[in-house]
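Dear colleague,

I am passing on the structure below, together with notes on what came out of going through it. Please read the notes with the coordinates open beside them.

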Amino acid sequence: MKVDLIDLKYRYLDEHKQILKSINKLLKKGNIVLTEEVKSFEDAICSYTNIKYCLGLNSGTDALMMSLWALGIKKGDEVITTPVSFIASIGAIVHIGARPVFIDVGEDFNIDPKNIETAITNKTKAIMPVHWGGRVCDMEPIIAISKKYNIPIIEDSAQGMGAYYKNSHSGVFGHVAAFSGHPLKNLGAIGDSGFIVTNNKSIYEKIKLYRNHGLISRDKTSIFGINSRMDSINAEVLSFRLKKLKSVIKNRNKNVNLYKKYINTDKVFIPSNKKYEINAYVMFLTLCEDRNGLQKYLLNNNIQSMVYYETPLHLHGASKALGYKKGDFPLAENICNKVLALPHHQYLSENHIKFVSNKINSFYKNY
Ligand SMILES: Cc1ncc(COP(=O)(O)O)c(C=O)c1O
């Protein structure tokens, strides 16, 4: 049996009729950038997440950069965030001239709110929690700190679509939130895409101008912007997939419960969920003893797995100038040393999961 890590091929087989029909319809119309389909997608996201404004953009990275920019973050400012994320989280901060300030994470792999206050200085201009793996950070204490110090929150919700915390969807807790529509996300397009959500009209209006060169009309501007427009093909695919998102998340949770049932070694740690959260499980992240050995063994048995990621953000080559060193964030570093994403997508069968789990159990048998 061969078990793939992700589902893109299967997903296309399942959905190709509707997707090709949309492409055909839109190309025949001949108008494919920032069209009414984008507006419909934005409206659908507003009702799904229960928020006032959404803007379709062309990546999650742009969504983060524009969120930072719209909040007025600039050179010399500090943004508190996590060392456990994809490099884009801090690339966005650095590119607008600010400095990422890391704090360590908790057992849920997300920033530990207890560490935030010690990192606040008079240069702190935002807190950027990242909902890593599709689990919303513990937002209540983060919001309390944000209010106490009057520091805005930008949610990096690139992986948060479909995730809930205390009955609210990810992205509605902060001043603005950035989502990715990269094909590997639960709500993924057929190319790069992203979007922001906010309840703040002024942030919405700023980003709306910024995503399209600052154009108020075809020939009128008041600021310089960039091109970060969503195209109608991705908007249609995202709208179509949004209707299926609940079932995608349900299947992903079902898979994880099956893994929990069949993996019976204490050498693999599977973080548990709180009663009040729905984890979107963009990835199924585990912590494994002898992670590299296990990964090799699984591959020899035709099972793909992936390390997300080996290097915490404070130890990346690009972060050198930030001045951090090994040992600064022990919990984050421990995660990066042990983390392994196991095969996980909505088309996996119980047999696949049983097969992978049995192989994991047999790898650790003689430990
Ligand atoms: C946590 C996080 N932030 C930001 C991004 C950037 O999103 P995009 O790839 O759509 O630019 C990603 C993408 O994987 C991500 O996982």
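Does Tyr 210 count as buried or exposed? Tyr 210 counts as buried because its relative accessibility is 17%, where buried means under 20% relative accessible area, exposed over 50% and partly exposed in between, with a 1.4 Å probe and protein chains only.

Before the rest, a word on conventions: this is a predicted model, in which local features need pLDDT of at least 70 and side-chain atom pairs count only at pLDDT 80 or more, while totals for chains, interfaces and linings use all residues. Residues are numbered from 1 along each chain as its sequence is written, and side-chain values use heavy atoms, with hydrogens and water left out.

Tyr 210 is placed in helix H7, helices being DSSP runs of H or I with at least four residues and strands runs of E with at least two, numbered from the N terminus. Leaving aside residues up to four places away in sequence, Tyr 210 touches Met 66, Trp 69, Ile 223, Phe 224, Gly 225 and Ile 226, contact meaning heavy atoms within 4.5 Å.

Helix H3 (residues 60–70) packs against helix H7 (residues 201–210) at an angle of about 125°, with the axes 10 Å apart; the axes are lines fitted to C-alpha atoms over the stretch in contact, and angles run from 0 to 180 degrees between N-to-C directions. That angle makes H3 oblique to H7, since under 35 degrees counts as roughly parallel, over 145 as roughly antiparallel, 65 to 115 as roughly perpendicular and the rest as oblique. In this packing, Met 66, Ser 67, Trp 69 and Ala 70 of H3 meet Ile 203, Lys 206, Ile 207 and Tyr 210 of H7.

Turning to the rings, the structure holds 17 aromatic pairs, counted where ring centres of Phe, Tyr and Trp (its six-membered ring) lie within 6.5 Å, with planes under 30 degrees apart called stacked, over 60 edge-to-face and the rest tilted. Among them, Tyr 165 and Tyr 276 are edge-to-face, at 5.5 Å centre to centre and 85° between the planes. This pair links distant parts of the chain, 111 residues apart, with Tyr 165 in strand S6 and Tyr 276 in the loop between strands S12 and S13. Tyr 165 counts as buried at 3% relative accessibility, whereas Tyr 276 counts as partly exposed at 32%.

With regards
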